[in-house]
Amino acid sequence: MHLYRIATLVVLLWPITSLVQAEGLKNIIDINHHTVSYEGNQNQQNETSSPEKNLELGLKYYLGLQTPRDYVEASKWFLLAAKENDPDAQFYLGLISELGGFGSRINIEKAIHWYTKAATLGNSKANFMLGRLFEQGKG
């Protein structure tokens with residue numbers, strides 16, 4: 001099971017890590033259709049930012065860009081964006097809930113909740129992950 005979790009994480013992060021290596025950690029990396037910039041200080045952001053900014057901050061903590069990787073802190077920012085119906089933030093909340101690690105605990109029920117919300121809004125990765133959980137008898 002542990003090997004399966006690692007394989008899943010590698011598959012989901014492979015395009016991101018390949019891009020980061022290819023770009024040599026320049027000022028900007030593109031994650032799907034979102035852009036995460038290294039400029040600015042996330043501590044200057046507030047919780048009333050746009051869903052896009054909250055997603056960006058969540059991705060910085062999720063990927064460990066300019067900050068230690070911290071899924072609990074990433075979840076805080078993803079949750080703010082998810083409350084505004086951002087399907088990508090909802091997907092990442094599902095992923096963090098399913099895989100755990102970096103300060104977060106595994107919670108399959110929460111993963112299913114967030115994957116379902118994201119899939120309903122058209123996130124195909126969430127739809128795939130949700131189907132995989134049901135296929136494994138976890139849903």
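Visitor: How does the span of H6 compare with what it should be?
Guide: Helix H6 (residues 124-135) has 12 residues and should span 16 Å at 1.5 Å a residue, and its end C-alpha atoms are 16 Å apart, which agrees. The expected span is 1.5 Å times one less than the number of residues, and helices are DSSP runs of H or I with at least four residues, numbered from the N terminus.

Visitor: Where do these coordinates and numbers come from?
Guide: This is a predicted model, in which local features need pLDDT of at least 70 and side-chain atom pairs count only at pLDDT 80 or more, while totals for chains, interfaces and linings use all residues. Residues are numbered from 1 along each chain as its sequence is written, and side-chain values use heavy atoms, with hydrogens and water left out.

Visitor: Which residues of H6 are buried?
Guide: Ala 126, Met 129, Leu 130, Arg 132 and Leu 133 are buried in H6. Seen down the axis of H6, these buried residues fall within an arc of 160°, so they line one face of the helix; the arc is taken from the directions from the helix axis to the C-beta atoms. Buried means under 20% relative accessible area, exposed over 50%, and partly exposed in between, with a 1.4 Å probe and protein chains only.

Visitor: And what does the face turned away carry?
Guide: That face of H6 carries the exposed residues Ser 124, Phe 128 and Glu 135.

Visitor: What follows H6?
Guide: Just after H6 comes Gly 137, with a positive phi of about 80°.

Visitor: Moving to H4, how many of its residues are buried?
Guide: In H4, 12 of 13 residues are buried, so that the helix is mostly covered. Among them are Phe 91, Tyr 92 and Leu 95.

Visitor: What comes after it?
Guide: Gly 100 follows H4, and its phi is positive, near 65°.

Visitor: Which helices supply the lining of the largest pocket?
Guide: Helix H3 (71-82), helix H4 (87-99) and helix H5 (108-120) each supply at least two residues. H4 gives the most, with 3 residues.

Visitor: Which residues of H4 are on that list?
Guide: The lining of the largest pocket includes Leu 93, Ile 96 and Ser 97, which are also buried residues of H4.

Visitor: One last topic: is Leu 63 buried or exposed?
Guide: Leu 63 counts as buried because its relative accessibility is 13%. Leu 63 lies in helix H2 (residues 51-63).

Methods:
1 Å grid on protein atoms, 1.4 Å probe; cavity = no way out; pocket = protein on both sides within 12 Å on 5 of 7 lines; lining within 4 Å.
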